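Subject: Structure handover

Hello,

Here is the structure for your files. My notes on it follow below.

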Amino acid sequence: MKPNCTITSVIVLLFILCSCSSGIENEKLLDFQKINKNKTLYIDQSPNAPSCNVKLSVHYIKDNSNRGTNINNTISKRLLDISNVPMEQAVDSFICQYCKGYIKTLAPLYKHDKNDKSKHKWYEYRYSISTEIIQEHDDYTAYIATLNFYEGGAHGIKQIFSMNFDVSTGKNIYLKDIFVPGFERRLNDILFNALEQKTEATGILELQNKGYLCTTDIFPSDNFIMKEHSITFIYNVYEIAPYSNGITELDIPYSDINDLLKK
């Protein structure tokens, strides 16, 4: 019996279409790798000397495509203040420069305080970066970096930095790319209401009594995370509130700002 040519042709066509579709999806996937580096440097050779510890755990794109280069340059510039070099080289360079700066700045001072053990804490430096990837949409990827550092002060500092990448091009997405012109005033009102709800405060006076917006007005932070159903605005310590209030995150559903979004 001869095979039905029509059925055979349809099967072949479906196979080709599925293969092409799979190729397109694979091209949009971002293949992140991670670099882990950890270095401890003592301020001198004496026993129990203070030290500097730098610990970096950074995601990056391994391929050398334009998309990967765009993403890696943005990450490296934002987190390490280094660009246009391979990520592993950038990480090594950052750790080296940080440790050199520690010794150059603090070693001469430590010589005078070496015998005063109560001051040794001033010379204990810690600096760490850890990153994570949030992929909740096919068209963009959120990159989150958490920075913790202590440099001899009264307390350490924790900060969160976010970047959002167009999956097709690798370009960083800014507020102006997703909101219509003149969005700020309306979005400020929405963020203010979200802050009231989060803090269970009503009005500016109650917010200020809780430490918020004492020296600034609310504003749409450039530090934001694009999710599938909402956008989260991140305010690090001292941006809209004191250190004791910690990091503030305001999650705004897209449904609440639909009229402000570019279609």
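Strand 7 is covered on both of its faces: Ser230, Thr232 and Ile234 are buried on one side, and Ile231, Phe233 and Tyr235 are buried on the other. In a regular strand, side chains alternate between the two faces of the sheet. Six of the six residues of strand 7 are buried, so the strand is largely enclosed by the rest of the structure. Please keep in mind that this is a predicted model.

Strand 7 has a partner in strand 6, with antiparallel pairing over three bridges. These two strands form a hairpin, with three residues between them. Within that pairing, Ile225 stands opposite Thr232 of strand 7. Strand 7 also pairs with strand 8 (residues 248-253), again in the antiparallel sense, over six bridges. There, Glu249 of strand 8 is the bridge partner of Ile234.

Next, the aromatic residues. The structure holds twelve aromatic pairs. In one of them, Phe179 and Phe183, the ring centres are 4.8 Å apart and the planes stand at 20°, so the pair counts as stacked. Both Phe179 and Phe183 are buried. Phe219 and Tyr235 give another arrangement: their ring centres are 5.3 Å apart with the planes at 80°, so this pair is edge-to-face. Phe219 sits in the loop between helix 6 and strand 6, while Tyr235 belongs to strand 7 (residues 230-235), so the pair ties together parts that are 16 residues apart in sequence. As for accessibility, Phe219 counts as partly exposed because its relative value is 29%, whereas Tyr235, at 0%, counts as buried. There is also an aromatic cluster formed by Phe94, Tyr98, Tyr127 and Phe149.

The loop that holds Phe219 also holds Asp217, between helix 6 (203-209) and strand 6 (224-226). Is Asp217 buried or exposed? Its relative accessibility is 64%, so Asp217 counts as exposed. Asp217 and Ile204 are 13 residues apart in sequence, and their C-alpha atoms are 9.6 Å apart in space.

Strand 4 (residues 140-151) pairs with strand 5 in the antiparallel sense over ten bridges, and Ile144 stands opposite Ser162 of strand 5.

Finally, some totals for the chain. The protein chain has six helices and eight strands. In order from the N terminus, its elements run α-β-β-α-α-β-β-β-α-α-α-β-β-β. Of the 263 residues in the protein chain, 41% are buried. Among contacts with a separation of 6 or more, 58% are between residues 24 or more positions apart.

Regards

Key
Residues are numbered from 1 along each chain as its sequence is written. This is a predicted model: local features need pLDDT of at least 70, side-chain atom pairs count only at pLDDT 80 or more; totals for chains, interfaces and linings use all residues. Side-chain values use heavy atoms; hydrogens and water are left out. Two strands pair if DSSP finds at least two bridges between them. Helices (H or I, at least four residues) and strands (E, at least two) are DSSP runs, numbered from the N terminus. Buried means under 20% relative accessible area, exposed over 50%, partly exposed in between (1.4 Å probe, protein chains only). Contact means heavy atoms within 4.5 Å. Rings of Phe, Tyr and Trp (its six-membered ring) pair if their centres lie within 6.5 Å; planes under 30 degrees apart count as stacked, over 60 as edge-to-face and the rest as tilted.
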